Structure formats: structure tokens, C-alpha cells
Amino acid sequence: MHATAHEIKSVEDAARLAVTDNLFAPRFYTTDFAAMDRINIEPVRAEWDAMMAEYEGDNNHDHFQRDAGFADEARELFTKLPHELQQEFLDFLVSSLTSEFSGCVLYNEIKRNISNPDIKKLMEYMARDESRHAGFINSSLKDYGLGIDLGNLKRSKHYTYFKPKYIFYATYLSEKIGYARYIRIFRQFEQHPDKRFHPIFRWFQRWCNDEFRHGESFALIMRAHPHLLRGPNVLWIRFFLLAVYATMYVRDHTRPALKQAMGLEPTEYDFEVFRICNEITKQVFPVLLDIDHPAFHANLQRLFACSQKAEAGKQAGGLFGGLRRALWSVAGAAVFARMYFIPVKSNALPETTRLQPAW
Ligand SMILES: [Fe+2]
Ligand SMILES: [Fe+2]
């Protein structure tokens, strides 16, 4: 493994990883509930109602159940994996569980704290989906004796406060990029079933359709409030696009064995995911990142190098290690700032917002 988090050998290790905060780990959020309560979706009512009917239809209600051989298959395949891959896969399960559960907690908290019927109902449906997703991943951790106590995670995780508009930008993107990541992996195993090293991947297609729909919900909320998509807010959109893309790149390159075991090359995989995500975000964002700009990839590589050096400094510890960590973190921030000023492409918003998960 590259310089990365620590081995997961016990339930305590898994729980510690889930609760740890660093720049590239999934976070928990809280927000301004009174402002959430004031959201008005009337401008997109027709599309909204059609979407709510889909949530109500709940076509995945029977999807997140494991078939008889699941646990045996999971255990048997796992023992055959090289140690490094086992560790990266466990890290993948824990961080995926943390981000699924993060959505579950946020949507539940919003639901509990508002009375606006449109938003309340939406949050209830999304929390329902995320709770299934989190539970499904946790079953897989339990197969290895590494289940995470979600009640405890909810209590001990640090919460980041985000204004509603930041929640919309960030959550929209994480739902859509989550879709793009899962569907790309699902398609890969569809073509190469011999490479599928865990049964959970068979669930990814219908699973990521939930994420796609969650993203649709935030797209409609933003389209109902066009000021969120204009003026100085465009600078925030650029910021969140870059933060989400760069985080994914650094994380995927920190655990390359996982993508390689899937028969995917991490950089190619990431750029395919960026491409899908760029295509989807045309439904709502007035700008797209220019992922084909030569400085884009070059700076992602630099950013990854900085994060590796900062992590090495952290692991070395002591005053000198701490200094190295601080220095490389600052260098990483400078690279990020340089990337921020790569010109973006402008995008004219379509008449209607809704898209189908067609990738
Ligand atoms: Fe989810
Ligand atoms: Fe989701």
C-alpha cells in the first residue's frame, strides 16, 4: 500500500477508521434547518411530483437482501485475496459505509427538524434508501467480524456545519459521482465476471440508481432557486466540483490495488467517472471543469504526490515529521488553488432537468 491509513484487523480498527476525520475521508454534516424549511419547489412542481412518485413506488424495496450463498462466497473469495487487496477492500467498505450513513444521518436530521411537507417527504425517502445501503455494507463487514456500531458512529463522529447551498452543491455531486463510480464498476464486472472478488458488486446497478435519483432531487431544488446557479455562487460550484473530483483522485490513487484487482487502471477509471459526471451535471451547473486541459491531470498528479508526502510526514511523527506534513499540506493547497484557475467550460441549462441513469 502507499502511505495510507492503518491496517484494519479488528472491530475497533474499523470503528476508528470510520470516525477519523481527514481531508479525504467522508464527513458528517449538519445545516440550517430553518432555511431548509423555507425551500420552495413550486417552480419545478411537475418534475418534482414525478420524482416523488418514483420514490413512493420504491422499486428497490426488495433489492437489499442477501441471497443464501452470499456470506460463504464473500468469506471464501476474501481468503484468496492478497493481504494488500484485503486491506484496501476493507478500507473501501468502511469509507463507503461511512458516506452512506452520513447521508442517512443528515437526511434524517433534516426531516426531524422541518415541517415543509415537500422537503420532509423527500428526506424521509432518501434516509430510507441510505439506511438500506449502509446496512447492506455493514452486513459485509460483519461477515469478517468487522461490523460497525452505527449508533456509536453517529454519536462520536465530528459534524461539519454547511449552509444549505453548500449541502446542495456537495451532496448533489457526491450522489452523482457515487452513481458514476458504482455503474462503472458494475459494467466492468458485467464484462469480466471472473474478476468479481466479492458478491456485493452484483448489487451495484440497482443500488446506484437510488444515488442517481437522490442527485436528481438536489438538481431540482437548485433549479427551483436559480440564484444558486448564478453570479458569485458559480465560484462555489467550481470549488465543489474541483474538491469532489480531486478528493476522488487522491483516494483512488492511495489504494490502487483495489482498482487494479477490478481490471481498471485508476487514472483511466477516474477520468471515465469525471466524464460521466460532467455529462450529468449539465442538467444543473452553468460550468463544467475542463478535465481535458493538460494542466488538469498534471496538477492532480502533483496533488496526489503532496498528499503522499504529507502522509509520510505524519507517519514519521515528531517535530520534523509534523513540519513535513504541514509543508506538504500547504503545497497541496497551492496546487489546488492553481487548478481552481484553470478555465472552465460554460454550459447552457436545458429546459427540463430530469435525466435517466443511462450509463
Ligand atoms: Fe446511498
Ligand atoms: Fe444517496
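Two residues are in contact if their C-beta atoms, placed from the backbone, lie within 7 Å. Helices (H or I, at least four residues) and strands (E, at least two) are DSSP runs, numbered from the N terminus.

This is a predicted model, in which local features need pLDDT of at least 70 and side-chain atom pairs count only at pLDDT 80 or more, while totals for chains, interfaces and linings use all residues. Residues are numbered from 1 along each chain as its sequence is written, and chains are lettered from A and ligands numbered from 1 in the order in which they are written.

**The whole chain**

The protein chain holds 14 helices and 4 strands. Its C-alpha trace spans about 55 × 50 × 40 Å along the principal axes.

A residue is buried if 20 or more other C-beta atoms lie within 10 Å of its own, exposed if 12 or fewer, and partly exposed in between. Of the 359 residues, 38% count as buried. Among contacts between residues at least 6 apart in sequence, 80% join residues at least 24 apart.

**Helix α14 and its partners**

Helix α14 has 23 residues. From its first C-alpha to its last it reaches 33 Å, close to the 33 Å expected at 1.5 Å a residue. The expected span is 1.5 Å times one less than the number of residues. W328, G332, V335 and M339 are buried in α14. The buried residues of this helix pack against α10 and α13 (294-316).

**Helices α8 and α10**

Helix α10 (residues 233-254) also meets helix α8 (residues 164-191): their axes come within 10 Å and cross at roughly 40 degrees. Axes are lines fitted to C-alpha atoms, for helices over the stretch in contact, and angles run from 0 to 180 degrees between N-to-C directions. The α8 side of the contact includes K165, Y169 and L173, and the α10 side includes W236, F240 and M248. The residues of this contact divide into 10 nonpolar, 2 polar and 1 charged. Here Ala, Val, Leu, Ile, Met, Phe, Trp, Tyr, Cys and Pro count as nonpolar, Asp, Glu, Lys and Arg as charged, and the others, Gly among them, as polar.

F162 sits in the loop between β2 (159-161) and α8. It is partly exposed because 18 other C-beta atoms lie within 10 Å. Leaving aside neighbours within four places in sequence, F162 is in contact with Y29, T31, I167 and A170.

P343 lies in the loop between α14 (318-340) and β4 (345-346). With 10 other C-beta atoms within 10 Å, P343 is exposed.

D49 belongs to helix α3. D49 is exposed, as 11 other C-beta atoms lie within 10 Å.

| Pair | Apart in sequence | C-alpha to C-alpha |
|---|---|---|
| F162 and D32 | 130 residues | 7.7 Å |
| P343 and H293 | 50 residues | 8.7 Å |
| D49 and I221 | 172 residues | 12 Å |

D58 is in the loop between α3 (45-57) and α4 (70-80). Its phi is positive, about 50 degrees, although D58 is not a glycine. D58 is partly exposed, with 13 other C-beta atoms within 10 Å.
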